[in-house]
Structures are given as C-alpha cells and as structure tokens.
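Please keep the sequence and the structure in view while reading.

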Amino acid sequence: MHEQTNVVQGTRYSPTSIRATWDGTGSVEDASRALGFSRAKGYDLARRGEFPCRVLRIGRSTRVVTASLLRVLESGKPEYNSARS
C-alpha cells in the first residue's frame, strides 16, 4: 500500500501533471514535494534565497515560479533565486 501512495504522489508532482494543473506560481510546500524535500526545508531554503528555482515574495506570501520549477525538474540543475540581494 505504501508503494501505491508513492506512485500516486510521484505522478501528482511529475512535470506533465504540474504543467496541466498549476498556474503561473505554486506553493513552496508543493514545489518542495516535487523536488523531494520537506516543507520545512523548502521554506528554510526560500528564506535564505537558496531554493533551487525562482521564488517570489508577494506581501507575506512566498510563491514558486512554475516555469522555473519545471526547468529544474527536467534539467536537474538549480536556478537559484538571484533576485534577492
């Protein structure tokens, strides 16, 4: 049963599924799951400006750019958020 859950979850966060269901941005929690690490690790990386793909801060909200996430998932190379000074 555990394997079946992983297969479904893996499909949910596949590039094809993300393209079909996500808008221009996604949550840090979902992007972290797609990249294979925890929600807490994702927020920590975003706070430090080291999340593997582009992150936008909109007011008190933090969002991950879907196109950047897809590039990272497909290439395996991080696109660190260089906009943060």
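Buried residues, meaning those under 20% relative accessible area with a 1.4 Å probe and protein chains only, make up 32% of the 85 residues in the protein. The coordinates are a predicted model, in which local features need pLDDT of at least 70 and side-chain atom pairs count only at pLDDT 80 or more, while totals for chains, interfaces and linings use all residues. Residues are numbered from 1 along each chain as its sequence is written, and side-chain values use heavy atoms, with hydrogens and water left out.

**Overall architecture**

- The protein has five helices and three strands, where helices (H or I, at least four residues) and strands (E, at least two) are DSSP runs numbered from the N terminus.
- Along the sequence, these elements follow the pattern α-α-β-α-α-β-β-α.
- Among the contacts with a separation of 6 or more, 50% are accounted for by residues 24 or more positions apart, a contact being heavy atoms within 4.5 Å.
- The protein exposes about 5,600 Å², of which carbon and sulfur atoms supply 50%; accessible areas come from the Shrake-Rupley method with a 1.4 Å probe, and for residues only the protein chains shown count as cover.

**The sheet**

- The three strands form an open sheet in the order β1-β3-β2 with antiparallel pairing, and two strands count as paired if DSSP finds at least two bridges between them.
- The edge strands are β1 (25-27) and β2, each of which pairs on one side only.
- The twist from one strand to the next averages 45 degrees, with axes taken as lines fitted to C-alpha atoms, for helices over the stretch in contact, and angles running from 0 to 180 degrees between N-to-C directions.
- Strand β2 (residues 55-58) is joined by four bridges to strand β3 (residues 61-65), and in this pairing Arg57 stands opposite Thr62.
- Two residues separate β2 from β3 in a hairpin, and Gly59 in the turn has a positive phi of about 65 degrees.
- Three bridges join β1 to β3, with Arg63 of β3 as the bridge partner of Ser27.

**Helices against the sheet**

- Helix α3 lies across β1 and β3 and runs at about 85 degrees to β1.
- Helix α5 also packs on the sheet, where it touches β1 and β3 and makes about 50 degrees with the direction of β3.
- In α3, the buried residues are Val28, Asp30, Ala31, Ser32 and Ala34, and just after this helix Gly36 takes a positive phi of about 95 degrees.
- In α4, Gly42, Leu45 and Ala46 are buried; they lie on the same side of α4 because they cover an arc of only 100 degrees around the axis, the arc being that of the directions from the helix axis to the C-beta atoms.
- The cover over the buried residues of α4 includes α3, β2 and β3, and just after α4 Gly49 takes a positive phi of about 75 degrees.

Notes. Buried < 20%, exposed > 50% of the residue type's maximum accessible area, 1.4 Å probe, protein only.
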